[in-house]
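Dear colleague,

Please find below the structure that I promised to pass on to you.

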Amino acid sequence: MVGCALAVSAVAAPPALAKKRKVIVRPGKDAIATALERVKEPGVVRVKRGRYREQVTIAKQVKLRAVGRGRPVIDCECEAELTVAVRHDDVKLRGLKVVGAGTGAFPIAVDFRGVSGGGVRDVVMKDTCGDAEYGVNLFETGPIDVRDSRAVGFSDAGFYAGAISGTPGGAIRFRGNEAYHNTRGVIVENSAGGDIRVSDNVFNFNDVLGFAGAAGIVINNSDGVLVERNEARGNLDFGLHLTPGSDRNTILSNTLLDNPVDLRNQGSGNCGTGNTFATGDPLPPC
């Protein structure tokens, strides 16, 4: 059976393989899932180039990383809500391309939920099914580092952090990423009490029509976020939107230009220094 659905066979299962801390995986039926079963944690699953037609749930502490030339593609072919679901602390993804989330209420390419930490580096996410919500979703997590990655075509946001109440021992960081042709490049939503930083990213040409306005950066009902040295140009509605209830955020040295409204500040106690923008609301200096 092609795709993400589980095939049931009457053939007896082979004997269990000895677990190893490092496992190499090549394309094949449920290849990554099988490698995750075999790897001993904390371990490394080294993914060779090719297309992996499966949904992946990670429930142990591993690094899932590309090796060799070319970028491996994990593609659920529009048959599952989450292409990669991370359900364990300190999982790290690197060098992959993740596509094909396209069913259920909130299709997501890479979903971290309820974990204390982890990382995403040099990962490409794209909506190939026409209705995926997020590229990377961090929900009720601790510190996770999302860096040097790209998200394209998502109907809500390329990068999302929501319901963050604390980040003990570190920070949630979105840094060095690129998001374009989404509704929003990045959203931080319904979060306060943690250390969240959006730094050195490029969020240009986010122009997909959405229910709350397309923008490069949205801080929605969130407090204490640091937004620094980002570029947000040519977005459909806003460069940076600080919504009502978004208070005491720090906005430093961002370039917000060529948007209908470069900077909309509807919160209180927000401050900014060194920003370049032409339209919108002033910010008091920090």
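Is H241 buried or exposed? H241 is buried, with a relative accessible area of 10%, where buried means under 20% relative accessible area, exposed means over 50% and partly exposed lies in between, with a 1.4 Å probe and protein chains only.

Before going further, please keep in mind that this is a predicted model, in which local features need pLDDT of at least 70 and side-chain atom pairs count only at pLDDT 80 or more, while totals for chains, interfaces and linings use all residues. Residues are numbered from 1 along each chain as its sequence is written, and side-chain values use heavy atoms, with hydrogens and water left out.

To return to H241, this residue is found in strand β25 (residues 238-242); helices (H or I, at least four residues) and strands (E, at least two) are DSSP runs, numbered from the N terminus. Leaving aside its neighbours within four places in sequence, H241 is in contact (heavy atoms within 4.5 Å) with I217, V218, I219, R264 and Q266. H241 and I187 are 54 residues apart in sequence, and their C-alpha atoms are 9.6 Å apart in space.

The nonpolar core comes next, by which I mean a set of buried Ala, Val, Leu, Ile, Met, Phe, Trp, Tyr and Cys residues joined through side-chain atoms within 4.5 Å. The largest such core has 57 residues, and of these I58, L93, M125 and F159 touch the most other members. Helix α1 (residues 31-38) gives the most to this core, with 4 residues. Apart from this core lies another, of 11 residues, among them L82, I108, Y160 and V261. Not counting residues up to four places away in sequence, M125 touches a set of residues including V98, V136, V152, F154 and F159.

Strand β16 (residues 157-162) is mostly covered, since 6 of its 6 residues are buried. On one hand, β16 is joined by 5 bridges to strand β13 (residues 134-139), and the two run parallel; here F159 in β16 is the bridge partner of V136. On the other hand, β16 pairs in the parallel sense with strand β19 (residues 184-189) over 5 bridges, and V186 in β19 is the bridge partner of F159. Two strands count as paired if DSSP finds at least two bridges between them.

C76, which lies in strand β6 (residues 73-80), is buried with a relative accessible area of 0%.

Lastly, the second largest pocket is lined by K63, L64, R65, K92, L93, R94, G119, V120, R121, D145 and R147. A pocket here is an open set of points, on a 1 Å grid over the protein atoms alone, where a 1.4 Å probe fits, with protein on both sides within 12 Å along at least five of seven lines, and lining residues have an atom within 4 Å of a point. The elements that give two or more residues to this lining are β5 (62-66), β8 (91-94), β11 (118-121) and β14 (144-147). β5 and β8 run parallel and are joined by 3 bridges, with R94 in β8 as the bridge partner of R65. β8 also pairs in the parallel sense with β11, over 4 bridges, and R94 stands opposite R121 in β11.

With best wishes
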